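The entries follow the order in which I looked things up.

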Amino acid sequence: MESKLIAPSDVKKVAVVGGGVIGIGWVLHYLRMGFDVTAYDPMPEARERIASMVNDTWPLMEDLGLRPGASRDRLVIVSSLMEAVSGADVVQEAVPEVAAMKTKVFAEMDQHAPAHAVLMTSTSGISMTVIQSESKHPERMVVGHPFNPPYLVPLVEILGGDQTSPETVAWARDFYRLNDKDPIVLEREVPAFIASRLQEAMWREALHMIAEGEATVEQIDISVRQGPGLRWAITGPMMNFHLAGGPGGMAHVLDHFGPTLKEPWTRLVAPELTDELRQRVIDGCDREAAGRSVAELVAERDRCLVAIMRARDAIQIPAVGGSSGSGTGVHS
Ligand SMILES: NC(=O)c1ccc[n+]([C@@H]2O[C@H](COP(=O)([O-])OP(=O)(O)OC[C@H]3O[C@@H](n4cnc5c(N)ncnc54)[C@H](O)[C@@H]3O)[C@@H](O)[C@H]2O)c1
């Protein structure tokens, strides 16, 4: 396929289609990155909602740091999808999570966007193969799945559908990287992608526990906020277990705790802990550790952990369940 793509660094104008929670988040992010932004949402009240959220959140964007030329005045809220995407170099769609709607919106965006424009969907799990199925230029369509709020959380999950070109996937990765995001590229279509699937697993277990009267909503939130959630921001769940194994790392954790996967603690079906799976997990941790010992990783994690807890206490996020602050003794 002859590539019509422009360099990611040459992008000047971004269109955001859909002005709800995620669409407005993208508008803020792309304004902060210094682009001209057009936004479209058919609901009559959307115009006011987008404008006031952008105004209310702009001081935070300034605090985060604006790219040269960035201004909230570079937002134009338009009245048609055609107007939004004409002249756009990138389109970021954020309409409701309904496959038929996204498929139709993409076919329409495809009709009106310039030939070089890359069209991204914010979908949380609908297959790109489905979304691009009624478009004439499906090769330029790709998933760019953000996390709420997109103007703060760096992760974007990128993946194509059956008809997406590899150039488009690579382009999306480079574009997000250039613009303050930390993208991961999935090699194939996976239902619910990676991070949402992990969230869903925890969400499902939490609902089981609440339904069975085993835990309260507050206990679940405290258990994550004051427990593993603090560490996950630093290590991720896999390296967290690597550190939990002491000097023996992940190998020790799998051999020690692996058999408990069979305990009926979870409502999910536990995977078979085969030798191959065991090795794959250990190898992954070794790659991530990149030569750092468990002790070095622990020191690094602890430094970050203290900084996060201090930051949280400093802005006085009210603690759930009446406890005050982190209670960690790291305030001084
Ligand atoms: N909310 C989240 O935490 C989250 C996180 C990541 C991804 N997403 C994904 O982002 C997308 C949007 O989700 P949301 O939470 O912003 O939903 P939302 O309901 O807040 O916003 C959707 C907006 O799309 C508008 N809309 C409806 N039809 C449209 C059309 N034809 N053209 C343009 N706009 C149209 C609606 O008026 C509404 O304002 C979904 O695909 C969702 O899965 C959501």
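**Strands and pairing.** I count two strands as paired if DSSP finds at least two bridges between them. Helices (H or I, at least four residues) and strands (E, at least two) are DSSP runs, numbered from the N terminus. I keep in mind that this is a predicted model, in which local features need pLDDT of at least 70 and side-chain atom pairs count only at pLDDT 80 or more, while totals for chains, interfaces and linings use all residues. Residues are numbered from 1 along each chain as its sequence is written.

I began with strand S1 (residues 13-17), which pairs with S2 in the parallel sense over 5 bridges. Within that pairing, alanine 15 stands opposite threonine 38 in S2. From S1 the chain crosses through H1 to S2, and this β-α-β crossover is right-handed, a term I use when, with the strands pointing away from the viewer, the path from the first strand over the helix to the second runs clockwise. S1 also pairs with strand S4 (residues 90-93), again in the parallel sense, over 4 bridges, and there the bridge partner of valine 16 is glutamine 92 in S4.

I then followed strand S2 (residues 36-40) to strand S3 (residues 75-78), and found the two running parallel and joined by 4 bridges. Tyrosine 40 has valine 78 of S3 as its bridge partner. Between these strands comes helix H2 (residues 46-64), and S2, H2 and S3 together make a right-handed β-α-β unit.

**Burial of S1.** Is S1 enclosed or open? For this I call a residue buried if 20 or more other C-beta atoms lie within 10 Å of its own, exposed if 12 or fewer, and partly exposed in between, with C-beta atoms placed from the backbone. Because 5 of the 5 residues of S1 are buried, I note the strand as largely enclosed by the rest of the structure. Both faces are covered, with Lys13, Ala15 and Val17 buried on one side and Val14 and Val16 buried on the other.

**Nonpolar cores.** A nonpolar core is here a set of buried Ala, Val, Leu, Ile, Met, Phe, Trp, Tyr and Cys residues joined through C-beta atoms within 7 Å. In soluble globular proteins, nonpolar side chains tend to be buried together. The largest core in this model has 49 residues, and Val16, Val17, Val27 and Val91 have the most contacts inside it. Helix H1 (residues 21-32) gives the largest share of this core, 7 residues. Apart from it lies another core, of 8 residues, among them Met239, Met250, Val253 and Leu254.

I looked up valine 27 by its contacts, where two residues are in contact if their C-beta atoms, placed from the backbone, lie within 7 Å. Not counting residues up to four places away in sequence, valine 27 touches Val16, Val37, Ala39, Ile50, Val54 and Leu75.

**Around the ligand.** Which residues come nearest to the ligand? I count a residue as near a molecule if its C-beta atom, placed from the backbone, lies within 6 Å of it. Of the 24 residues around the ligand, Gly18, Gly20, Ile22, Ser124 and Asn148 come nearest. H1 contributes the largest share of this shell, 3 residues. The shell divides into 13 nonpolar, 9 polar and 2 charged residues, where Ala, Val, Leu, Ile, Met, Phe, Trp, Tyr, Cys and Pro count as nonpolar, Asp, Glu, Lys and Arg as charged, and the others, Gly among them, as polar.

I also checked alanine 46, which is found in helix H2. Alanine 46 is partly exposed because 18 other C-beta atoms lie within 10 Å.

**Backbone details.** The peptide bond from asparagine 148 to proline 149 is cis, with omega near -5°. Proline 149 has its place in the loop between strand S6 (141-145) and strand S7 (155-159).

Aspartate 180 has a positive phi of about 65° although it is not a glycine, and lies in the loop between helix H6 (166-178) and strand S8 (182-185). Alanine 290 likewise has a positive phi, of about 45°, without being a glycine. I note that alanine 290 counts as exposed because it has 7 C-beta neighbours inside 10 Å.
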